[in-house]
Amino acid sequence: MYKESSNVVVKHLVNRLRDVRTASNEFRMTIEEISRIIAAEALCDFETVSQNINTWQGSLDVQMIEVQKLVLVPILRAGEPMLTGILKTLPYARSGFLAMKRDEETSLSKLFYENIPNLEGRTVLLLDPMVATGGSLIDGIDFLKGKNPKRIISLNVLGSPEGIKKVQEAHPDVDIYIAQIDERLDENNYIRPGLGDAGDRAFNTND
Ligand code: PRP
Ligand code: URA
């Protein structure tokens, strides 16, 4: 299943990303903010655990998110601000890393580095702002499935209809929570209207 956010705050923030006046620092912070909102949507039914805490009126039994059951995995480099944002909400979540790069000519992704903790019995939140052809996400999911996670949830900011369809066909068991699905993929495999190259926008490497 995929769920595109219907939250007007999310749409507002996505449109700030599209604006070329949004420079790298604000771009990263906006990605962080969007990621925290869509992570909250994706985790609304996540496992909780009972804890006893001391409050101003004494002890209280409460339910807290079972962060031990969660692993955050950004696809670098553009996924890095998504991780930073979600770690502000869930600072003790485990993190793993995939570094992938799309070849500019072929649009095929290549994995350059991975460092993934034990995923058995755990849910992965896979973080990549852009789903263009869908190739990077499909390859990332393929890789993570080899490590036997309980479940993979994909969090994304912008996608093309073509890319989302491809990911769903390849991995129907992976739920996708995305801020915005745009109109189409262009002849250079960029999302339109899109926001350009998310990694370049985030890390000021546009020229
Ligand atoms: C971008 C983006 C995705 C990928 C999407 O990363 O962050 O990972 O392209 O394209 P796809 O759906 O066609 O695979 P890129 O490879 O440019 O690397 P970067 O994050 O270092 O900029
Ligand atoms: N990667 C991006 O950052 N943007 C696109 O439109 C396509 C791939």
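Modeller: Begin with A198, which has a backbone N or O atom 2.8 Å from an oxygen atom of ligand 2. Such a pair is called a polar contact, meaning N or O atoms within 3.5 Å of each other; within protein, one atom must be able to donate a hydrogen and the other to accept it, and residues adjacent in sequence count only through two side-chain atoms. Ligand 2 taken alone exposes 230 Å², and the protein buries 90% of that, where accessible areas come from the Shrake-Rupley method with a 1.4 Å probe and, for residues, only the protein chains shown count as cover.
This is a predicted model, in which local features need pLDDT of at least 70 and side-chain atom pairs count only at pLDDT 80 or more, while totals for chains, interfaces and linings use all residues. Residues are numbered from 1 along each chain as its sequence is written, chains are lettered from A and ligands numbered from 1 in the order in which they are written, and side-chain values use heavy atoms, with hydrogens and water left out.

Colleague: Which residues come nearest to ligand 1, and what backbone contacts does ligand 1 have?

Modeller: There are 16 residues around ligand 1, and R102, D128, T133, G134 and S136 come nearest. Backbone N or O atoms lie 2.6 Å from an oxygen atom of ligand 1 in R102, 3.0 Å in A78 and 2.8 Å in G134. Ligand 1 taken alone exposes 500 Å², of which the protein buries 95%.

Colleague: What is the volume of the largest pocket, and which residues lie nearest its centre?

Modeller: Rolling a probe the size of a water molecule over the atoms shows where empty space is left. On a 1 Å grid over the protein atoms alone, a pocket is an open set of points where a 1.4 Å probe fits, with protein on both sides within 12 Å along at least five of seven lines, and lining residues have an atom within 4 Å of a point. The largest pocket has a volume of about 500 Å³, which is the space filled by probe spheres set on points joined across faces, edges and corners. Its lining has 26 residues, with A78, R102, D128, M130 and D197 nearest its centre. The space taken by ligand 1 is this largest pocket, and that is also the space taken by ligand 2; a molecule sits in a pocket if more than half of its atoms lie within 2 Å of its grid points.

Colleague: Where is the peptide bond cis, with omega near 10°?

Modeller: Most residues other than glycine have a negative phi, and most peptide bonds are trans. The cis bond with omega near 10° runs from L76 to R77, and R77 is found in the loop between strand 4 and helix 3 (80-89). R192 and P193 are also joined by a cis peptide bond, with omega about 0°. S107, although not a glycine, has a positive phi of about 65°.

Notes
A residue is near a molecule or strand if one of its heavy atoms lies within 4 Å of it. Helices (H or I, at least four residues) and strands (E, at least two) are DSSP runs, numbered from the N terminus.
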